[in-house]
Amino acid sequence: MSVVGILGKKVGMTQIFDERGDIHPVTVLKAGPCVITQLKTLAKDGYEAAQIGYVDFVKASKINKAMTGHFAKSNVPPVRMIKEVELEAVKTAEGEEKVVAKAGDRILVDIFNDERFVDVIGTSKGRGFAGVIRRHGFGGGPKSHGHMFQVQGSIGASSFPSRVFPGQRMPGHMGHAQITVRNLRIRGIDLEDNLLLVEGAVPGPRDGFVLISKAKAPPRERRGFAGAATKDALKASKKAAPSKKK
């Protein structure tokens, strides 16, 4: 079994051109390096998973004795962040499942060499206490003189039922929530600097931690919609259309 994900940091966004000259907005992620700090087994823990940590400089005074002993047990350096990721089965030539991962192994961005899509989990930017206009996109009231247009107004509950229904959209805390973005296309991998370029936006601020994993349900590629690797859909349809006889 091997790990299916890695911890990383969001570097920022940029844009790249493909072979056809089309422009693609991409997010640059620093994927790893990570290290396996502990292996969860079915016999001992009731499930199988790998506990990984993002390798970064951490002062020894910032780590308590419990975590110091935990790292020393696996002979790994202190890490900045710890998460659990799933394990995937690796079958040998005989068809048997083989355990490849073990405590102390390093995880690099090369685990995505054979992948085309990834899922990214991050924490969105916190917006504080926001009103219904910003939080839920309400239209508001009249904007002329004498009106307070950016307020919620009546929520409908009067003498009956004399309560607020659960799920009522109201002002409150906005952002700083765990967001999962699925099926982001991999546009480039830099093995030297552990950089991963994915097409599209990733939740969170710059230097925010994200969990990158192999796509659980990658989209089924269709002819003409798989990017630069396939032929142009418009040209292919014109070529396949029957020609008019003169």
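Author: The dialogue below goes from the whole chain to single residues. This is a predicted model, in which local features need pLDDT of at least 70 and side-chain atom pairs count only at pLDDT 80 or more, while totals for chains, interfaces and linings use all residues. Residues are numbered from 1 along each chain as its sequence is written, and side-chain values use heavy atoms, with hydrogens and water left out.

Reader: How many helices and strands does the protein chain have?

Author: Helices (H or I, at least four residues) and strands (E, at least two) are DSSP runs, numbered from the N terminus. The protein chain has 4 helices and 16 strands.

Reader: What share of the residues is buried?

Author: Buried means under 20% relative accessible area, exposed over 50%, and partly exposed in between, with a 1.4 Å probe and protein chains only. Of the 246 residues in the protein chain, 29% are buried.

Reader: Which residues have the most contacts inside the largest nonpolar core?

Author: In soluble globular proteins, nonpolar side chains tend to be buried together. A nonpolar core is a set of buried Ala, Val, Leu, Ile, Met, Phe, Trp, Tyr and Cys residues joined through side-chain atoms within 4.5 Å. Here the largest core has 26 residues, and those with the most contacts inside it are Ile6, Ile107, Phe112, Val118, Val120 and Ile212. Among the elements that give two or more residues to this core are strand 2 (5-17), strand 11 (117-123) and strand 16 (209-214). A second, separate core of 6 residues includes Val35, Val58, Phe71 and Val76.

Reader: Which residues does Phe112 touch?

Author: Contact means heavy atoms within 4.5 Å. Not counting residues up to four places away in sequence, Phe112 touches residues including Val4, Ile6, Val118, Ile186 and Ile212.

Reader: Which residues line the largest pocket?

Author: On a 1 Å grid over the protein atoms alone, a pocket is an open set of points where a 1.4 Å probe fits, with protein on both sides within 12 Å along at least five of seven lines; lining residues have an atom within 4 Å of a point. Among the residues lining the largest pocket are Val4, Glu86, Asp119, Arg182 and Lys214. Strand 11, strand 14 and strand 16 each give two or more residues to this lining.

Reader: Is Ser74 buried or exposed?

Author: Ser74, in helix 2 (residues 65-74), counts as buried because its relative accessibility is 15%. Its contacts, apart from residues up to four places away in sequence, are Thr37, Ala103 and Gly104. A polar atom of the Ser74 side chain lies 2.6 Å from the backbone oxygen of Thr37.

Reader: Which residues have a positive phi although they are not glycine?

Author: Most residues other than glycine have a negative phi, and most peptide bonds are trans. His176, in the loop between strand 13 and strand 14, has a positive phi of about 55 degrees. With a relative accessibility of 55%, His176 counts as exposed. Asn194 has a positive phi near 55 degrees and is found in the loop between strand 14 and strand 15. Asn194 is buried, since its relative accessible area is 10%.

Reader: Where is there a cis peptide bond?

Author: Such a bond joins Phe160 and Pro161, with omega about 10 degrees. Pro161 lies in the loop between helix 3 (132-135) and strand 13.

Notes
Polar contact = N/O pair within 3.5 Å; in protein donor to acceptor, adjacent residues only side chain to side chain.
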